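Here are my notes for a colleague who is new to reading structures. Keep the model open beside the text and find each residue as you go.

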Amino acid sequence: MKKIIFSLACMGLTTLTACDDYLDINDSPNAISSVENDYLLPTPEVNIAATVGVHFNVLGGYNAQVYGQNAGCSNYLDYSRFLVTASNCQGAWTQLYSRALQQLEVIRTQSAEEPGTYLAATVLRAYAFQLIVDAWGEAPFTEALNPNITQPVYDDGAAIYASIIAELEAAKAAAQPGDAVCANLLFGKTSAKAGTAANWIKFANTLLLKLYMREHNAVSVNDKLNALVSEGNFITEDVTYDMCWGNSAGSYSPLFAESKTISNDMALNVALQGTTLSSPGDQRLSYNFKPTANGYIGVVSGTNLSAEIGGANTSDFSQPNYRFDMPVNLLTVFELDFFLAEYYATVAGNHAQAEAYYRAAVAASCALCGVEDASNAVLAAYPYEQANPMKNIGIQKWVALGTAFSGFEAWCEVRRLGYPEFSDVKADDIINNDVANFNTVPNTYIAGTLYTPKNVVAEVGAKTLRQRLPYPSSSTSYNNNVPATKGATVKVFWAK
């Protein structure tokens, strides 16, 4: 197998080449049906990784108050005010539809008699459509990817979820653990290598658990959940792109490549700072954030502090610890454990099991961050409470996703679970009493809460999260079947 080399143009085109055969697969996705799957699957993988690692991570992370705008910088200031425009969404939409899902359809067509490869392509297809529904609520599905339809209808999010779940179940049932899978980067790790379906079956099961748990308050799926948990064949290691990046331009991990453009813009939010540090001994911030000379210092959403703190510098606030090989997580063990904690707390009604998985989730989050297990300290500050178990489970899931740079998933889970909740504390008070004094443990910000950004965009308003992204202008400008625009606070189906 030839080694696969790929390059990224952040939040835009992603190309992938074989070492001595150049293949530009982004210009005409329908013209590649004769290319072997070994050369094709890494392409949608990298495009999904770029979407998850950059655009969705950044958008979600700002909307979930994981990140804030650094002092004097402006690139993402609107995001920190919960403002997202139709043009902001075009890159991710195009990357998923034109560069990931198109290629996956070719692979699925070419692997109709290869159940292992078909399963892998179907898992990634389901993952991509899950991202789309969770971001936009409604999207083309039944008429999407059809070259004869230029203006596809938009399908309801619940219907899309039902369809991708059915596709996953069918592909999983048709595959055996020993079935061959074409070369891929997800389980090939360092370069594209062929493998078997065993890991993809576990990935499929864990993704199904996520889909069922995400919709279970809106759709009756408890019987399916019970059967899936009883089967228990879930991931035992993080599903992540973590060893396929190189230390040279064109092969960097997506967020590291993006950092070359955004420079110092993104910084630690005081909400994530204050909540994490409220548990003495919790060192998870050290994984993806750098301390300042004063320790871990966060910024406040909705401002770049230029008007509020004279002389503030970017170096006064904790910025991401960018690394060329930064992983892009698709599903992690800690997410699995948090979902199982929620399942046992809310579906099975087994609080002992729920608490055990809650503890395991925090421990797995610490393990991912490469720090000492802080589950005792975290559970002392945020204990499992039978009367309202999802409050602290939700808060700690937000922390775990935030410290792992899974900003989009953090936003999804805050929207779905309702935790952390908004406090009545004003952004200006946090700035004046905590940020301006460079407090490492804030005393005005209330740990385990969100706060209304300063200058929050009017369409969202106070004590409210943005609930969805606007339909991208690349679709609304050309497709007469795009639904009427929904407001920023209209919830997607699973959050209602």
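1. Start with a charge over a ring. K397 lies over the face of F339, and the distance to the ring centre is 3.3 Å. Bear in mind that this is a predicted model. A second case involves an arginine: R415 sits over the face of W411, at 3.7 Å from the ring centre.

2. Stay with W411. Which residue forms an edge-to-face pair with W411? The partner is F408. The ring centres are 5.9 Å apart and the planes stand at 65°, so the pair counts as edge-to-face. The cut-off for that label is an angle over 60 degrees. Both residues belong to helix α16, which spans residues 407-417. They are 3 residues apart there, about one turn of the helix.

3. Are F408 and W411 buried or exposed? F408 has 4% relative accessibility, so it counts as buried. W411 is buried too, with a relative accessible area of 0%. The limit for buried is under 20%.

4. Now look at a wider group. F408 and W411 belong to a cluster linked by ring pairs. In the model as a whole, the count of aromatic pairs comes to 26.

5. One more of these pairs deserves a look. F334 and F338 are edge-to-face, with 6.3 Å from centre to centre and 85° between the planes. How many residues apart are they in helix α12? They are 4 residues apart in that helix, residues 333-346, so about one helical turn separates them. An α-helix has 3.6 residues a turn, so residues three or four places apart point the same way. Both F334 and F338 are buried.

6. Next, take helix α17, residues 427-435. Its buried residues are listed as A427, I430, I431, D434 and V435. They cover an arc of only 110° around the axis, which means that they are on the same side of α17. What do these buried residues pack against? Their partner is α10, residues 270-276.

7. The structure holds 1 cavity of 30 Å³ or more. The largest cavity has a volume of about 170 Å³. Its lining is made of 19 residues. Of these, G53, P327, V328, N329 and F405 lie nearest the centre. Which elements give two or more residues to the lining? They are α2 (42-63), α5 (115-136), α9 (254-262), β10 (328-331) and α16.

8. Look at S375. This serine lies in helix α14, residues 375-381. S375 is buried, with a relative accessible area of 3%. Set aside its neighbours within four places in sequence, and S375 is in contact with R359, V362 and A363.

9. Now the backbone. Where is there a cis peptide bond? It joins Y419 and P420, and omega is about 0°. P420 is in the loop between α16 and β11 (421-422).

10. Two residues have a positive phi to check. Q65 is not a glycine, yet its phi is positive, at about 55°. Q65 is placed in the loop between α2 and β3 (67-69). N455 also has a positive phi, near 60°, and is a residue other than glycine. N455 is in the loop between β12 (449-450) and α18 (473-476).

11. Q65 has a relative accessible area of 0%, so it is buried. N455 has a relative accessible area of 46%, so it is partly exposed.

12. Finish with P152. This proline is in the loop between β4 (139-140) and β5 (154-155). P152 is buried, with a relative accessible area of 13%. How many residues separate P152 and N480 in sequence? They are 328 residues apart in sequence, but 8.6 Å apart in space, C-alpha to C-alpha. Not counting residues up to four places away in sequence, P152 touches P140, E143, A144, N479 and N481.

Definitions and conventions
Residues are numbered from 1 along each chain as its sequence is written. This is a predicted model: local features need pLDDT of at least 70, side-chain atom pairs count only at pLDDT 80 or more; totals for chains, interfaces and linings use all residues. Side-chain values use heavy atoms; hydrogens and water are left out. Rings of Phe, Tyr and Trp (its six-membered ring) pair if their centres lie within 6.5 Å; planes under 30 degrees apart count as stacked, over 60 as edge-to-face and the rest as tilted. Buried means under 20% relative accessible area, exposed over 50%, partly exposed in between (1.4 Å probe, protein chains only). A charge sits over a ring if NZ of Lys or CZ of Arg is within 6 Å of the ring centre and within 35 degrees of the ring normal. The arc is that of the directions from the helix axis to the C-beta atoms. Contact means heavy atoms within 4.5 Å. On a 1 Å grid over the protein atoms alone, a cavity is a set of points where a 1.4 Å probe fits but cannot get out, and a pocket is an open set with protein on both sides within 12 Å along at least five of seven lines; lining residues have an atom within 4 Å of a point. Grid points are joined across faces, edges and corners, and a volume is the space filled by probe spheres set on the points.
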